[in-house]
Structures are given as C-alpha cells and as structure tokens.
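Biologist: Hi! Could you walk me through this one while I have it open on my screen?
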Amino acid sequence: MNSLSLSYLRQLEAESIDIMREVAAEFKNPVMLYSVGKDSSVMVRLAQKAFYPGRIPFPLMHVDTGYKFPEMYEFRDEFCKKIDATLIVERNEEWIARGCHPLKMGVDKCCSYLKTGALLDALRKHGFDAAIGGARREEEKSRAKERVFSLRDSFGQWDPKNQRPELWDIYNTRINEDESMRVFPLSNWTEKDIWQYIKSENIPVVPIYFAQEREVIVRNGILIPVSSCSTGQEYTQTDIVHVKTKKIICRFRSLGCIPCTGAIASKAITFDEIISEVRTTTKSERENRVIDLTSDSSMEQKKKEGYF
Amino acid sequence: MPTGEKSLLRFVTTGSVDDGKSTLIGRLLYETKSIFEDQYTAIEKTSKKKGLKEVELAYLLDGLAAEREQGITIDVAYRYFETEKRKFIITDSPGHVQYTKNMVTGASKADCAVILIDARNGVLTQSKRHGFLISLLQIPHLIVAVNKMDLMDYSQEVFSRVVEEYTDYSQKLDIHDIVFIPVSALKGDNVAVKSKKMPWYEGTTLLHNLEKLNVSADRNLVDFRFPVQYVLRPSADFRGFAGKIVSGTISPSEEVVALPSGKITSIKTINTYDGELTEAFAPQSVVLTLNDEIDVSRGDMIVRKKNLPLIESSLEAIICWMNDEPMTINSSFIMKHTTRSVRASVKSIVYKIDVNTLHRQPAETFSLNDIGRVELKLAAPIFFDPYKINHATGRFILIDPLTNKTVAAGMIRDASRHVEDYVPAETKEGVKQKKSPHTVWRDYHIGLAEREKQSGHKAVVLWFTGLSGSGKSTIAMKLERQLFERGYKTAMLDGDIIRHGLCSDLAFSTADRKENIRRAGETARLFFEHGNIVLCTFISPFKEDRNFVRNLFDTGRFVEIYVDCPIDECQKRDPNGLYKKARSGQIPGFTGIDSPYEAPGKPELTLDTQKCSVDKCVDVIEEFLLKRKMIAKPKK
C-alpha cells in the first residue's frame with residue numbers, strides 16, 4: 001500500500017467524519033443518540049476526531065428503558081465524564097411506572113413505548129432537528145436500504161418507498177419545520193470493521209462484550225441472562241426457580257435490554273479473540289436480539305414507526 | 001494482510017430483469033461466507049410462505065416488505081463482504097423500475113460497475129443503456145458478466161458473440177477498461193472458482209478481477225481542492241478549517257488561495273486527532289490552519305495558488321432528472337455543490353439524450369429519468385472543475401426549494417462542450433469511425449470560459465464557403481486585420497495554406513475533400529478552444545462536410561458565411577488563373593467546372609460579392625457579431 005492510499009478502515013473513518021461535520025454545519029440543533037454499545041463507542045470516537053481540537057459540538061442522548069445491564073449504566077456515566085461530553089438521559093417514565101415489560105405487553109409493544117415512543121418524545125422535548133445514530137446497513141436487511149441522511153416526518157416516521165436519492169457524497173440536509181433527519185455515519189461499517197477499529201484505536205467498550213460465566217434462562221433457544229428484570233416485575237424472585245437456568249461461559253455480541261438480549265456461548269476475552277470469532281461466525285449479529293425476530297419485517301415496521 | 005490494511009472497492013451491480021443479478025450477488029456472498037445461517041433461515045421461511053420450492057436468494061437483498069410482496073426490487077441496497085485481500089461494498093441497483101434514477105444513485109459512488117448479460121438473450125437495449133450511464137458517470141472500470149452460460153452449453157461462440165457486440169457498442173462510449181467474463185451464477189462457474197466447463201476461457205474469475213482491480217490510480221491527486229466544511233474555533237488562539245480533501249494533496253507551508261476572497265496565504269498545519277500531518281491527500285478529512293488571519297467560511301474553497309478551479313456563475317451541465325414532476329425552463333433550484341449551496345435556475349435545455357439510441361433531441365421539459373444538457377444560471381459563482389477532470393468538484397445536486405426533494409444529479413461539462421464523447425459516431429453525418437477509440441479525451445486545462453474572460457470576447461468560428469474567386473479570403477483578411485488591430489485574438493485558416501502543409505497529402509477526390517474539411521474543422525476547433533475568433537476560408541463545396549464542422553461546435557459558435565458570387569463573375573476574376581487551368585483540363589474535379597458546389601441552405605450570413613464591396617461585406621459580418629455579443633463596439 002503506497003503512502004498516498006488509505007486502508008479501508010481509514011476510508012470509512014474519513015467518510016464518517018465528513019458526515020458528522022456536515023450535520024454540525026447544516027443543522028441548528030443536532031444530537032447524537034448514544035446507546036452505550038460498541039457502535040456508540042466508535043461513533044463517539046469519530047465525533048471526537050471530527051471536531052478535534054474542539055469539543056463535540058452536540059450533546060449525547062441516551063434513551064433509557066430502565067432494563068439495561070448495570071455494567072452499561074456504570075460505563076456510560078464514567079465514559080461520558082472522561083471524554084467531557086454532555087449527556088442527556090431520557091426515559092418514558094409514564095410507561096416505566098406502569099410496569100411495561102416485554103413478557104407482559106409483548107416485545108413489539110414494549111419496544112414501541114419504551115424505545116420508539118421515548119425517543120420521539122425526547123427529540124420533540126429538546127427540539128432536535130437531526131439525530132445521529134449508530135445503525136449500520138449490514139445489520140439488518142431493511143437497514144440495508146437506508147440513506148445516510150434519512151428524512152423523518154413530523155411523527156418521526158420513515159417512508160422507505162419515498163426516499164431521496166443520495167448521490168456521491170453530496171447530502172441533501174434540507175428539512176421543513178416539522179420534519180427531522182436521522183443520520184447514520186456508520187452506514188458502511190460492518191461488525192468486523194467496528195471491532196477492528198476498536199482494537200486499532202483502543203476504544204473503551206462495556207465489559208460484558210467479553211466472555212464470563214453467567215447464569216442464563218433459555219427462552220426460545222436464546223440465552224437470556226438472569227437478573228431481577230429478566231422476567232418482569234409482577235413475577236416474584238421465586239418464579240425464576242421454576243424456570244430452568246444454567247451456568248454458561250458467554251458474552252454479548254450486541255447490547256439491548258436485558259429481557260430481550262441473548263448471550264452467545266463464547267470464550268473470547270480479548271479484541272483479537274472477538275475479531276476472530278466474528279470472522280468465523282455463521283450467525284448474524286442480531287440473531288440474539290428478540291426484537292428482530294418477531295417477523296421477517298419487524299425492523300422495517302419499527303423504523304416506519306420512528307425507531308432508528 | 002491485517003484486516004485494517006485491506007483496500008476498499010465499491011462496485012455497483014446492474015442487469016435486466018431475470019439476468020440473475022440476485023443470484024450472482026447471492027453467490028458472491030455465499031462463496032465468501034458472508035451469508036449468515038439466521039438470515040438464511042429467515043428468507044427460507046419467507047420463501048416457504050410464498051410457496052416457492054427453492055429458497056429465493058433475492059429475498060436476501062429485498063430488504064423491504066413491499067419488495068418481497070411484489071417480488072421486485074424497488075430501491076438501491078448495500079451489501080458488504082470481504083476476502084483476504086479486500087473489503088467490498090456492493091451497491092445493488094435494480095434494473096427495471098426507475099432504472100435511471102436508481103442506477104445513477106447506485107453508480108455515483110462506485111469504482112467499478114458489473115453489468116450482467118443473459119447469455120441466452122445476448123446484448124439487449126437495457127445492457128446498452130447501463131453502459132451509457134456508466135460512461136456518463138465516468139466509472140473507470142466495467143466488468144461484463146455473461147451469465148447463464150450453463151444454459152448455453154458453456155459455448156465459446158455464444159460468449160464471443162456477446163463480447164463482439166458489446167465491444168462494438170462500447171467503443172462509442174467513454175469507457176476504457178472493460179473485462180468480459182463468462183459465468184454461471186447458479187452453478188458458480190467463474191464467480192469465485194475457475195470453471196472447468198469453459199477451458200477456452202483464459203481469464204480469471206469475477207472475484208479475482210474485483211480483487212486485483214487497481215482503483216487508487218483513479219483518484220485525482222493533482223488538483224488540490226479543499227471545500228471548507230466547518231470552521232473550528234475551540235479557543236481564541238485556534239482557528240481551523242475542517243473539511244475533506246476532495247482531490248489532490250497538500251503539505252504545510254504550501255502557498256494557497258482562499259476562494260472567493262482571493263486572499264493568498266500558506267498552510268500552517270494539517271491537524272488531526274491523531275497528530276499533525278506532513279502531507280495529506282484525498283479523501284482524508286482533516287483540519288487546516290493558515291498562516292494569515294483571513295476570512296474563510298463554510299462553502300469557501302482553499303486551493304493552490306497556481307492551480308485554480310473555474311469560477312463561474314453560469315455553466316453547462318448534463319443532468320439526470322429524478323423527480324416525478326417534470327422540469328421546465330426557468331425553474332428555480334438550490335444547487336448543492338461541494339459544501340456550497342447556491343440558487344440556480346435552468347436557462348435553457350440544450351438537448352435531451354435518448355438513452356436507447358444516444359440521439360440528441362430538442363426538448364421543452366425533462367420528465368423523470370430524462371438525461372440531457374442544460375444551461376444553468378447561478379445566483380453566485382461556484383468553484384468547479386469539469387466533471388471529467390475532477391469528479392468531486394464537477395458534480396452537484398439540485399434541490400427543489402419548496403419540497404426539499406433532491407430532483408437532479410448534475411455533472412458539469414467543461415468549456416469545450418462536446419457531446420461526441422457519448423454520441424455514437426454513425427449517428428452523425430460524415431464522421432469517420434475513430435481509429436484510436438481508446439485514446440482518452442483530455443480536457444483543456446484552461447477552459448474556454450476562463451480564456452474568454454481574460455480576452456474579453458467570445459470565441460467563434462467564421463466559416464467562409466463559396467466558389468474559388470468569390471472573395472472569401474479577401475473579405476476574411478480585411479476583417480481579421482480590423483479585429484486584430486482592435487486587440488481581438490484571431491486566427492486565420494486558409495484553404496490554400498492548409499493544402500500546402502497539413503493537407504499536402506490530399507488531392508481533390510470527394511473522399512480527399514471530405515478529409516481536407518475534417519482536418520480544417522478540427523484545427524479550427526483547436527484554435528476555438530483557445531479563445532480565438534477563427535476565420536476559415538474554404539471552398540468546402542459539400543453540405544455534408546460543412547455540417548460535420550458545424551457539429552463540432554455549440555449552437556451559435558459556428559457561423560456559416562456563404563460568399564455568393566456567380567460562376568461567370570468568378571471566372572472573370574480568376575485571381576490565380578485556376579479556372580483557366582481547369583478549363584484546359586489541367587486541374588480535374590475543379591469546383592464549378594467539373595465538380596459541383598452545393599450552396600448552403602440556411603447559412604447565418606450570405607454575402608453577395610457581385611453587388612457589395614469588400615468593406616460593405618466586412619461591415620455586415622461585424623454587425624452580426626455585435627448583435628450576437630461576440631465582440632464589442634469599436635471605441636471611437
């Protein structure tokens with residue numbers, strides 16, 4: 001590789017930086033959706049690079065469901081403090097108080113209230129006109145159809161049949177007053193790229209991406225970690241005893257809410273081991289995400305409702 | 001090779017319906033182990049639900065419910081895979097519904113295009129259209145995969161026929177690197193594994209071709225262009241300009257100029273999060289600091305002092321119309337070009353290109369998927385290079401200010417403004433098949449517009465046609481002297497002089513006369529492109545030949561002047577005694593004696609030299625040029 005060419009990781013990096021600067025330059029009140037996972041970690045690093053030596057010129061916002069792993073909350077607060085980022089945490093308090101839970105309301109409804117609903121409320125509340133998200137096209141087939149700059153109507157909805165053509169690297173950032181933009185700077189990154197980049201940049205990630213022994217419940221073939229919220233509030237601790245649990249060495253490939261995030265059996269405890277695991281796996285990254293499995297178009301449906 | 005060091009290749013795939021594109025992509029993903037079990041299970045479920053016997057690989061690509069419902073691909077989709085050597089991004093561009101819009105969108109970022117052709121059907125119109133769009137977008141590499149070879153007994157003859165037909169067609173296009181590969185996507189022949197069924201094929205597999213393609217040479221690393229994207233002012237003592245180097249390279253201490261202010265300064269540092277750089281190049285995203293405090297903001301461009309882009313507020317461009325509502329003249333848009341947004345309106349439609357025949361035709365409007373050339377007027381100048389020279393600064397989008405929709409993709413043409421590049425030779429009269437179809441058209445690095453700006457007048461070709469002795473040279477010489485003395489840049493091409501040098505190998509047969517005029521026309525074009533008023537005096541007896549020359553220039557830039565004088569009067573004048581020689585048989589094929597002269601049907605000007613004096617004729621031409629704003633009124 002000669003000195004005037006960029007490796008593919010550096011090309012992806014340059015593209016993502018370009019996208020984030022475009023957002024900062026063209027929107028009045030942008031925000032970065034920060035979900036604490038590995039993609040968010042990479043996205044934050046790219047934002048640091050885009051505006052260095054300045055600070056990241058927009059806040060990070062975590063839309064919390066209350067069902068995240070304790071390690072995620074701990075990591076989030078420490079990480080944001082360390083990098084001197086402004087963090088906003090928003091929750092759908094009304095539905096959390098009502099005890100909204102996937103086992104009670106169904107996965108789709110629960111997501112709709114605690115994630116999509118909370119996100120849309122938060123965007124409205126703060127008047128954000130652009131929200132940068134870490135979704136990647138490789139993750140899921142409807143996301144493969146996404147634009148980098150994805151227009152949303154006043155209800156935050158995606159209209160997949162009516163997308164603006166996106167040409168070269170010229171992004172149409174124009175919106176009407178009641179509309180907003182979702183922006184995906186990691187569109188062209190794959191799970192492999194993310195890990196490769198985390199390794200080469202030594203980016204901190206939530207420790208539960210690495211393998212350790214955990215107690216899990218096997219639900220529909222998915223290894224759900226045992227925790228007070230695994231089965232919902234109306235079930236008492238004793239109910240867990242009736243469910244078969246087992247101890248297994250495992251890690252998380254993708255992080256979500258505890259009741260809906262499966263672990264995968266794995267012994268990977270270093271970046272290299274994770275990378276080599278990702279390279280040889282025969283399962284997709286979101287195989288253990290219950291929210292994607294309710295139907296062949298579940299993600300598309302959620303996106304149409306305003307999910308990112 | 002460590003994964004992070006791999007190179008990146010973006011390619012677009014396209015083909016007609018049922019050419020097997022989805023199968024081919026499915027095959028590439030499968031062979032590179034990029035299809036996951038759970039994704040496969042999901043499409044297996046869907047296939048079963050639809051009552052299909054076999055798993056439909058296309059469902060992997062059809063990400064939208066509506067696409068799976070209707071069994072068609074509606075929108076561009078992106079797929080990713082990697083091999084030991086390279087990471088690939090596939091842009092899958094549907095071939096049938098709204099093919100132009102999707103194809104242009106999909107191909108806009110591609111380094112390479114893969115066109116599928118069904119071996120059973122051979123080269124279809126659709127395959128030609130795809131080639132045309134690839135040529136239009138200047139994608140440097142094309143791979144034609146001739147698919148379904150298994151259904152044609154892996155016949156070499158079938159393959160050769162496609163190769164021959166497509167090669168023939170592609171010579172009319174501006175594509176310089178074409179590879180043909182016989183494949184069977186279904187059986188896997190020559191996709192990732194070399195086929196044993198086609199020992200006659202000496203090339204390598206599709207995947208191998210994609211892996212070895214050298215794309216780093218396709219970048220423009222000469223012309224440094226840095227559109228300022230965002231100004232960073234984290235503290236009082238730091239002011240940096242963030243942006244992407246879209247072409248060229250730059251180092252600290254190099255002298256630069258900021259546009260549009262024209263202020264000159266030099267690069268102080270090239271900053272990145274990972275440290276300062278001693279050299280930066282396209283497509284890196286960096287932060288530049290400058291040695292002087294000059295006013296620079298988003299939308300400005302930093303370039304080298306000795307390598308400037310064009311700075312214009314009216315330009316010509318090829319646009320692809322992508323909106324459901326048709327475009328009309330004088331419609332107003334927002335043009336987004338690099339990081340600059342300006343108001344733009346369409347002044348005129350020069351022509352529309354029929355994508356099937358490549359013919360140019362006049363048009364009043366553009367509807368969805370139409371492609372053609374327009375003149376645009378901008379509210380403020382932009383800094384650009386012709387698309388051919390520099391993709392990054394030669395392209396733009398048009399946005400409807402009311403709906404905010406992206407309505408067109410545009411590629412700025414250079415000042416030379418020729419369509420020959422994509423209009424096939426045989427559709428124009430009198431053009432010879434190029435014997436060097438692979439020579440690359442290079443644009444003049446100083447464009448016509450820039451030259452005209454400096455000289456203060458337009459370039460134009462004045463073509464004097466008429467019988468020998470009609471007065472062509474006399475009038476032209478007088479006119480040239482007047483213009484020259486008033487400071488105009490002029491050039492004179494005289495038939496006799498040309499025949500003594502450039503065309504001394506030619507006689508007076510029809511074929512030789514044709515070639516004589518072709519050379520004269522091309523020479524005139526060279527002078528024209530350099531900003532001259534070019535006066536050409538040629539008998540040029542044949543309409544066809546004159547029309548050939550006319551077609552070399554934009555409308556209005558070629559002025560045909562018929563110097564009309566009856567043959568008897570010319571014979572009487574006979575300034576060089578040529579008529580006498582011709583009549584005595586010493587010059588065979590002399591125009592007016594034993595070779596015809598075809599008078600122009602609709603010349604811009606006709607000068608009757610039997611009735612008018614030389615001075616009067618010169619006045620008439622000057623009047624004409626004044627009216628057309630080619631020249632200014634002489635100062636008294």
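Modeller: Happy to. One term before we start: two residues are in contact if their C-beta atoms, placed from the backbone, lie within 7 Å. Also, this is a predicted model, where local features need pLDDT of at least 70 and side-chain atom pairs count only at pLDDT 80 or more, while totals for chains, interfaces and linings use all residues. Residues are numbered from 1 along each chain as its sequence is written, and chains are lettered from A and ligands numbered from 1 in the order in which they are written.

Biologist: Great. Which residues is B:V618 in contact with, beyond its neighbours within four places in sequence?
Modeller: Those are B:I475, B:K478, B:L479 and B:Q482.

Biologist: Is B:V618 buried or exposed?
Modeller: Buried, because 22 other C-beta atoms lie within 10 Å. The cut-offs are 20 or more other C-beta atoms within 10 Å of its own for buried, 12 or fewer for exposed, and partly exposed in between, with C-beta atoms placed from the backbone.

Biologist: Which strands does β24(B) pair with?
Modeller: β24(B) runs parallel to β26(B), residues 533–537, with five bridges joining them. It also pairs in the parallel sense with β27(B), residues 558–564, over five bridges. Pairing here needs at least two DSSP bridges between the strands.

Biologist: What is the bridge partner of B:V460 in β26(B)?
Modeller: B:I533. Over in β27(B), B:Y562 stands opposite B:T465.

Biologist: Now the two chains. How many residues are in contact between them?
Modeller: 56 residues of chain B touch 53 residues of chain A. On chain B's side, helix α2 (residues 37–49) gives the most, with six residues. That side has 25 nonpolar, 16 polar and 15 charged residues. In this scheme Ala, Val, Leu, Ile, Met, Phe, Trp, Tyr, Cys and Pro count as nonpolar, Asp, Glu, Lys and Arg as charged, and the others, Gly among them, as polar.

Biologist: How is chain A divided into domains?
Modeller: Into domain 1 (8–193 + 298–305) and domain 2 (207–290), with bounds from an automatic or database domain assignment. Their centres, taken over C-alpha atoms, are 24 Å apart. The contact takes 19 residues from domain 1 of chain A and 20 from domain 2 of chain A.

Biologist: What about phi of B:N190?
Modeller: Positive, near 60 degrees, in a residue other than glycine. Most residues other than glycine have a negative phi. B:N190 is buried, with 28 other C-beta atoms within 10 Å. B:N369 has a positive phi too, of about 75 degrees, but counts as partly exposed with 17 C-beta neighbours inside 10 Å.

Note on methods. Helix = DSSP H or I, 4+ residues; strand = E, 2+ residues; numbered from the N terminus.
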